[in-house]
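Subject: Structure handover

Hi,

Here is the structure for your files. My notes follow below it.

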Amino acid sequence: MTDPRKSRYEGNKLAKRLRRQAGEAIADFGMIEAGDRVMVCLSGGKDSYGLLDVLLALRDKAPVEFELVAVNLDQKQPGFPARVLPEYLAARGVRFRIVEQDTYSVVKRLIPEGRTMCSLCSRLRRGVLYRVAGELGATKIALGHHRDDILATFFLNLFYGGTLKAMPAKLVSDDGRHVVIRPLAYVREDDLAAYAAAQDFPIIPCVLCGSQENLQRKAVRSMLTEWEKRYPGRVASILRALSDVRPSHLLDRKLFDFVGLRAKGIADSEGDTAFDPQSFREPQFSDA
Ligand code: SF4
């Protein structure tokens, strides 16, 4: 039998870690400023519940004042339990808006049977959420993507897109009108899953639409999980690498002026070491 004191202790440790990591990401990227109205996109999945919960806790302790408004888009998937989120949000005293828009029928009509619907579905959802952000006067749109989403996107772009880019922690939306933030950028997915179970969030399953998870994304996720199992610390090292980029050591001529480069006679530890092989140590990075 689990010792209740031990699980309480572990639960508190996990909650603190989530808040610390989200707080760090918010500070590192200047995600939230005084006076912000942050629209928190809530799907009913573990990640968005975790995001809202962590932001509520941070708001109550933050040295600056900001507002939170939770928004859920009811896309009218058959069987969507429409009462779950309003009841949860009302019980927690969170300001919220439920937006009803039947994007499900549109997607069903346009995508042939058996094909994945996610890309069109997400595009439609994005449009609705941008509109609502404007109506609410939101200065930021917060999404529940976490560290593992960011890394999976990085490898998908690397393997299939031929570009070196991940999912941004903070960026202006593609319509140029909103600032989108991902406060869980440093948070591990399994921590969010454990937190959701510990908090007993009323999860709404994401299989209602009947769409299959993107197989490439699934494969990349398994690759990362397998790596982490075999080489603990590797995933954290990859995340760290994404925040320590050396354009001179890559091949993108838009980022570094290779053509105009001249020797200046000044020693530089980042300069080329010619034939010396680089040595690597085992990952020391801990995200506990
Ligand atoms: S899983 Fe379903 S609801 Fe989610 S993006 Fe894909 S089609 Fe849309």
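**Helices, sheet and core**

Helix H5 (residues 118-136) lies across S1, S2, S3 and S4. H5 runs at about 145° to S2; axes are lines fitted to C-alpha atoms, for helices over the stretch in contact, and angles run from 0 to 180 degrees between N-to-C directions. Helices (H or I, at least four residues) and strands (E, at least two) are DSSP runs, numbered from the N terminus.

Two notes on the basis. This is a predicted model: local features need pLDDT of at least 70, side-chain atom pairs count only at pLDDT 80 or more, and totals for chains, interfaces and linings use all residues. Residue numbers start from 1 along each chain as its sequence is written.

Helix H2 (residues 46-61) lies across strands S1 (37-41), S2 (67-74) and S4 (140-142), at about 155° to S1.

The open sheet has 6 strands, ordered S3-S2-S1-S4-S6-S5, with mixed pairing. Strands pair if DSSP finds at least two bridges between them. S3 (96-100) and S5 (170-172) are at the edges with a single partner strand each, so one side of each has no neighbour in the sheet. S5 joins S6 (residues 179-181) through 3 bridges, antiparallel. There, Val 172 is opposite Val 179.

The largest nonpolar core holds 48 residues. Such a core is a set of buried Ala, Val, Leu, Ile, Met, Phe, Trp, Tyr and Cys residues joined through C-beta atoms within 7 Å; buried means 20 or more other C-beta atoms within 10 Å of a residue's own, with C-beta atoms placed from the backbone. Met 39, Val 40, Cys 41, Ile 141 and Ala 142 touch the most other members. H2 gives the largest share, 5 residues.

Best regards

Conventions. Contact = placed C-beta atoms within 7 Å. Buried ≥ 20, exposed ≤ 12 C-beta atoms within 10 Å, placed from the backbone.
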